[in-house]
Amino acid sequence: LQPNSTLYNIPRALLLKGNLDMAALQQALEQIFTRHQVLRTTYAARAGQPYQTVSEDTAFPLPLQDLSHLDPQQRQEEALRLSQEEANRPFDMANDSMMRAQLLRLQPQEHVLLLTQHHIASDGWSNSILTRELSALYNAFQQGLPSPLPDLPIQYADYAVWQRNWLQGEALERQVSYWRERLSGAPPVLALPTDRPREEADSYQGAMHRFTAPEALGEGLRRVCREERATPFMVLLAAFQVLLYRWTGQPDLVVGTDVANRTQAETEGLIGFFLNHLVLRTDLSGDVDFREVVRRVREGCLGAYAHQDLPFDKLVEVLQPERSGSHTPIFQVLFVVQNVPEVRVDMRGVDLSSYGRGVGSSKFDLSLFLGESGGEMEGAWVYRTDLFEASSIGRLSGQFLSLLDELLSHPDIRIEDVELWYGEGSEMESAAASVSGGVRGSRRRSRVVVERG
């Protein structure tokens, strides 16, 4: 639909401080490139049908740009410009490898590694694998030792063949029948009250708003999970859907979520695109309390998990929703509780940290990512900047924390009775207040940091 788009680029910019062994770094990256065939796979079309070709060339270049001659301010500006330029460089799917890298030298003891992958060959879990392998290989090669990594039992193409062989006939029909019934009559678009009207062509320009939840929410979350025999994901999703209901006035809610989709042990060490989107639909109609919402969400999640093997692109093909350049098909809001294993980078003699500005695109109208770090629940809203102002997302974040506090403290409360805090001034707040009856409440305090991509 969008040739030469960079929307599915996965860029990483890493600041390396210390005595960097560039030869060991390049050798480590080349070994990863050699180990994982999916990074050496290209995608061309023959008679209109795409096919894969795995290149036998395992050489992985690591070009170096030396910026150390510039003054400090120019150096930082140029490094940021080059990192943004690299992140926004499209892949030629028919000819390019699906991973590339370059190194910027800021000072003799300070470098920036720009590493970009295409989403067709990677996902969040894969990033953890790459980080873990990069650390192990770098440390070994720096000491003149051989690779400490065991041979991979299978490659991504083996998984693709296996998936095609079993996901057909009766197995495919079971999956398709469930989703056809589950999504029958679902609203095609979630009518979010936005600051600006939706354009026909989505720019996918995005930004991120981070927040940290008060520690007290954790105790209430664990209590409701025990009482309702639900996972934290289910309870947090229920609260998020209450927020969406109060915000939009739509009781029939469809949101998406990511699943790792690594259900076979052999796939856990593979770089590749295993991620799948699951569609979660919840009916919030009737005079319901929060406990009932959790139960409905739990039932919907269990059904979706039992039918998670149907690739989302196949679901779109089966349901054939009306396609539009202004919004994504089937769902426009994403909710994710992150559980990707944390990997500590331990490169001998080098301190590593993130570098650059972060998110600059948004695949969906609105996404909420939650996770735990150091015992605290942290979150990030990723949103389309052509639809929402940063101030509106900040107010929405405050509403979510206030609502979550109220629901976890009083799970028997009717969802219509939950008070929401509304800010002043934007059309989004006016629309949301209108569908929710204009109820105002107090905002719970939280630490908030806004990052604009």
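Is Arg 196 buried, partly exposed or exposed, and what is its relative accessibility? At 28% relative accessibility, Arg 196 counts as partly exposed (buried means under 20% relative accessible area, exposed over 50%, partly exposed in between, with a 1.4 Å probe and protein chains only). The structure is a predicted model, in which local features need pLDDT of at least 70, side-chain atom pairs count only at pLDDT 80 or more, and totals for chains, interfaces and linings use all residues. Residues are numbered from 1 along each chain as its sequence is written, and side-chain values use heavy atoms, leaving out hydrogens and water.

**View 1. Arg 196 forms a salt bridge with Glu 389.** The closest N and O atoms are 2.5 Å apart (a salt bridge is a side-chain nitrogen of Lys or Arg within 4 Å of a carboxyl oxygen of Asp or Glu). Glu 389, at 37% relative accessibility, is partly exposed.

**View 2. Glu 85 and Arg 81 pair within helix 2 (residues 72-87).** Their closest N and O atoms are 3.0 Å apart, and the two residues are four apart, about one turn of the helix. Helices are DSSP runs of H or I with at least four residues, numbered from the N terminus. Glu 85 is partly exposed, with a relative accessible area of 45%.

**View 3. Arg 384 and Asp 365 meet in a salt bridge.** The N to O distance is 2.9 Å, and both residues are buried.

**View 4. Arg 246, in helix 7 (residues 232-248), is buried yet has no salt bridge.** The nearest side chain of opposite charge, Glu 416, is 4.6 Å away. The side chain of Arg 246 reaches the backbone oxygen of Ile 415 at 2.9 Å.

Methods
Lys, Arg positive; Asp, Glu negative; His and termini not counted. Polar contact = N/O pair within 3.5 Å; in protein donor to acceptor, adjacent residues only side chain to side chain.
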